[in-house]
Amino acid sequence: MSFGFERTQRVAIIGGGPGGYEAALAAAQLGAEVTLVERAGVGGSAVITDVVPSKSLIATADAVVAIRDAEHLGVQLFARAGDGKPLRPEVAVNLGAVNRRLLALSRQQSEDMRSALVEAGVRVVSGHGRIDDDHAVVVSAGAGGTDFDRIETDTVVVSVGASPRQLPSAMPDGERILTWTQLYDMTALPEHLIVVGSGVTGAEFASAYMNLGCRVTLVSSRERVLPGEDADAAALLEAVFTRGGMTVLSRARADRVERAGEGVRVILADGRVVEGSHCLMAVGSTPNTDGIGLEGAGVERTASGHIRVNRVARTSVPNIYAVGDCTTFPPLASVAAMQGRTAVFHALGDVVIPMEPRRISANVFTAPEIATVGWQEKDVADGRIDGAVHKLPLAANPRAKMMGIREGFVKIIAQRGSGTVIGGVIVGPRASDMIYPVAIAVERRLTVDQLSRAFAVYPSLSGSITDAVRAMHMVERGDED
Ligand SMILES: Cc1cc2nc3c(=O)[nH]c(=O)nc-3n(C[C@H](O)[C@H](O)[C@H](O)COP(=O)(O)OP(=O)(O)OC[C@H]3O[C@@H](n4cnc5c(N)ncnc54)[C@H](O)[C@@H]3O)c2cc1C
């Protein structure tokens with residue numbers, strides 16, 4: 001397929017994470033000649049070190065919570081002692097087995113994705129890619145190594161991702177002071193895990209290890225955990241953390257982290273010292289954008305090194321696109337994949353709808369989960385948008401009662417007057433799945449009445465979404481007061 005071009009278009013992609021992978025598949029689908037250069041493994045950090053292993057670990061933590069909470073539903077677990085008396089068994093997590101499972105899963109997923117690319121006709125080259133000029137990518141065995149391949153191309157897609165940010169005062173040693181990529185070498189649960197950083201990554205791991213049975217201290221430099229999230233959701237989660245036995249140190253900036261014999265010592269800026277067995281540094285990421293020829297090609301970056309892109313993922317150089325964590329867009333696998341597809345559609349002349357960052361749905365995989373999309377209550381409170389907010393506790397939902405769910409809520413944000421659904425927050429188990437109808441409403445600009453007309457199964461957790469939008473009927477009528 002030439003798509004109006006005189007000859008087959010060539011697309012070269014550097015990095016095979018969700019961004020590069022999706023770009024490669026889309027380009028192959030449109031009949032382009034596609035080469036993807038990947039230095040570690042197809043699937044990228046998302047599959048090998050970040051999303052797949054962390055969400056598999058969280059699945060195990062959720063299983064522990066389900067067993068623990070089953071008691072509330074009348075399920076009791078007993079073993080018999082030698083004298084026939086019932087014993088209450090303990091839930092024990094074999095972290096070695098858990099980690100072996102999730103690493104095998106990641107490897108398999110990476111191999112499956114590589115096979116899918118090859119099957120689609122993509123040439124996959126193992127090596128370190130670099131832009132040579134704006135129409136060629138060269139490949140070496142490693143950064144600074146000898147080049148062994150040169151790929152002439154019409155379009156370049158840079159999708160090199162990001163790496164854990166390392167602070168000189170808290171250098172990871174891979175044994176006790178760890179980045180999230182180093183957690184899966186542990187063969188036993190840490191005795192006391194100190195998590196530095198209370199953003200999404202820090203909160204997810206703190207939640208998971210607490211539920212797996214570890215003592216956890218969360219060091220947060222801010223007033224509360226998850227400073228970027230809905231305030232009600234963050235407050236609820238912090239209460240769950242505290243009730244679960246976690247120590248949450250708020251307004252506590254970690255100054256340095258050092259080894260202390262067989263453990264670690266975290267020294268806070270106010271002089272306090274926290275001692276533990278291990279420390280997880282979850283203090284953000286830095287983009288992998290150095291040494292890949294961006295300056296030479298004239299591609300603009302921000303001070304933090306992120307590549308500036310527009311809503312179709314185009315950089316300051318017309319035939320060079322950039323997608324995923326190395327760009328100025330939110331660092332999510334789903335965003336990287338969508339950008340990858342958008343970039344290729346734009347480059348090859350297919351129908352493109354520019355991405356709207358406001359419509360991205362995101363989830364924090366804590367227990368309970370926190371899912372969000374669109375405008376938030378804070379935007380309404382700060383006067384950025386004229387919206388009405390309605391919140392329903394999940395505890396009032398009949399299915400939630402049957403399932404023993406006591407925590408969580410559904411919050412819908414709609415524009416005053418039009419009643420258009422412009423945002424939402426869901427806190428609860430599998431909020432990540434529950435947010436989808438709200439995301440569709442936001443994307444398709446459905447009103448509260450339109451959303452309420454769709455049937456939710458009775459009884460179901462999603463019934464709380466229809467209940468909330470039904471309650472907002474007068475917002476659409478413009479006279480809710
Ligand atoms: C712990 C953790 C959990 C997360 N969980 C979620 C989640 O649940 N949901 C979600 O949506 N997002 C999640 N994220 C974010 C998600 O991992 C990233 O947004 C996603 O990986 C970005 O995809 P990408 O394609 O931009 O880059 P990556 O996945 O980082 O892939 C980039 C690839 O480029 C390769 N590369 C880099 N430089 C070169 C080069 N010069 N030559 C060749 N190859 C190169 C790398 O080897 C890598 O394979 C999580 C992140 C973390 C840290």
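1. Arg445 counts as partly exposed, at 45% relative accessibility, where partly exposed covers the range between buried, under 20% relative accessible area, and exposed, over 50%, with a 1.4 Å probe and protein chains only. Arg445 has a positive phi of about 55° although it is not a glycine, and its place is in the loop between α12 (436-444) and α13. Helices (H or I, at least four residues) and strands (E, at least two) are DSSP runs, numbered from the N terminus.

2. A word on the basis of this note: the model is predicted, so that local features need pLDDT of at least 70 and side-chain atom pairs count only at pLDDT 80 or more, while totals for chains, interfaces and linings use all residues. Residues are numbered from 1 along each chain as its sequence is written, and side-chain values use heavy atoms, with hydrogens and water left out.

3. Arg251 also has a positive phi, near 45°, in a residue other than glycine. Arg251 is found in the loop between β14 (247-249) and β15 (254-260), and with a relative accessible area of 58% this residue is exposed.

4. Which residues come nearest to the ligand? Of the 37 residues around the ligand, these are Glu38, Lys55, Gly129, Asp325 and Ala333, and a residue is near a molecule if one of its heavy atoms lies within 4 Å of it. The shell around the ligand divides into 16 nonpolar, 16 polar and five charged residues; here Ala, Val, Leu, Ile, Met, Phe, Trp, Tyr, Cys and Pro count as nonpolar, Asp, Glu, Lys and Arg as charged, and the others, Gly among them, as polar. Several elements each supply at least two residues of this shell, including α1 (18-29), β2 (33-38), α3 (51-69), β6 (128-133) and α8 (333-347).

5. An N or O atom in the side chain of Glu38 is 2.7 Å from an oxygen atom of the ligand, whereas for Ala46 a polar backbone atom is 3.1 Å from a ligand oxygen atom. A nitrogen atom of the ligand is 2.8 Å from a polar backbone atom of Gly129. The protein covers 93% of the 1,000 Å² of accessible area that the ligand has on its own, with areas taken from the Shrake-Rupley method with a 1.4 Å probe; for residues, only the protein chains shown count as cover.

6. Arg176 lies in the loop between β10 (162-164) and β11 (177-178) and is buried, with a relative accessible area of 18%. The side chain of Arg176 reaches the backbone oxygen of Glu262 at 2.7 Å.

7. The largest nonpolar core has 41 residues, of which Leu57, Leu183 and Tyr209 touch the most other members; a nonpolar core is a set of buried Ala, Val, Leu, Ile, Met, Phe, Trp, Tyr and Cys residues joined through side-chain atoms within 4.5 Å. Among the elements that each supply at least two residues of this core are α3, α4 (95-119), β12 (192-196) and β25 (421-428). The element that gives the most to this core is α5, with seven residues.

8. How many disulfides does the model contain? The count comes to zero disulfides, where a disulfide is a pair of cysteine sulfur atoms within 2.5 Å. Cys214 is in no disulfide, and the nearest cysteine sulfur, that of Cys279, is 13 Å away. Cys214 is buried, with a relative accessible area of 8%, and Cys326 counts as buried at 0% relative accessibility.

9. Two cis peptide bonds can be checked in the backbone. One joins Ala367 and Pro368, with omega about 0°, and Pro368 has its place in the loop between β21 (362-364) and β22 (369-374). The peptide bond from Tyr458 to Pro459 is cis as well, with omega near -10°, and Pro459 is placed in the loop between α13 (448-453) and α14 (463-471).

10. Finally, a pair of residues in sequence and space: Ala136 and Asp154 are 18 residues apart in sequence and 8.1 Å apart in space, C-alpha to C-alpha. Ala136 lies in strand β7 (residues 136-140) and is buried, with a relative accessible area of 0%.

Conventions. Polar contact = N/O pair within 3.5 Å; in protein donor to acceptor, adjacent residues only side chain to side chain.
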